[in-house]
Amino acid sequence: MLSARVDEDLMEYVRATAYETRKSKQEIVAEALALHRKNRRAEAAGDEAR
C-alpha cells in the first residue's frame with residue numbers, strides 16, 4: 001500500500017481507476033508520477049529555450 005499521505009479525493013480517484021483498469025494502485029501512482037516528471041522536464045526545457 002502507499003506509504004505517503006494522500007488527499008482523500010485523490011485516493012478515491014486512484015481506487016476507482018484501479019478498479020476500472022484492473023491495475024494496482026501502485027501502478028497507477030507510478031504512471032502518474034512518471035507523467036508528472038515528464039511534464040516538468042518538458043516545462044523546464046521550454047523555460048530554458050526562452
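Predicted model: local features only at pLDDT ≥ 70, side-chain atom pairs only at ≥ 80, totals over all residues.
**Notebook: two helices and a couple of residues**

I started with who touches whom: M11, V14, R15, T17, A18 and T21 from helix α1 meet K25, I28 and V29 from helix α2. I sorted the residues of that contact by type and got five nonpolar, two polar and two charged.

Next I looked up the geometry. Two packed helices are described by the angle between their axes and the distance between the axes. Here α1 covers residues 8–21 and α2 covers residues 25–49. Their axes come within 9 Å and cross at roughly 110°. That makes α1 roughly perpendicular to α2, since angles of 65 to 115 degrees fall in that class. I also checked the handedness, and α1 passes α2 in a right-handed crossing.

Then I picked T17, which sits in helix α1. Is T17 buried or exposed? I found a relative accessibility of 16%, so T17 counts as buried, the cut-off being under 20%. Which residues does T17 touch, leaving aside its neighbours within four places in sequence? I noted R22 and I28.

Last, I went to R5, in the segment before α1. R5 has a relative accessible area of 86%, so I wrote R5 down as exposed, the cut-off being over 50%. How far apart are the C-alpha atoms of R5 and A49? I got 36 Å for this pair, which lies 44 residues apart along the chain.

Conventions. Residues numbered from 1 in each chain as written. Heavy atoms only, no water. Axes fitted to C-alpha atoms, helices over the stretch in contact; angles between N-to-C directions. Helix = DSSP H or I, 4+ residues; strand = E, 2+ residues; numbered from the N terminus. Parallel < 35°, antiparallel > 145°, perpendicular 65-115°, else oblique. Left-handed = near helix turned anticlockwise from the far one by under 90°. Contact = heavy atoms within 4.5 Å. Nonpolar A, V, L, I, M, F, W, Y, C, P; charged D, E, K, R; others polar. Buried < 20%, exposed > 50% of the residue type's maximum accessible area, 1.4 Å probe, protein only.
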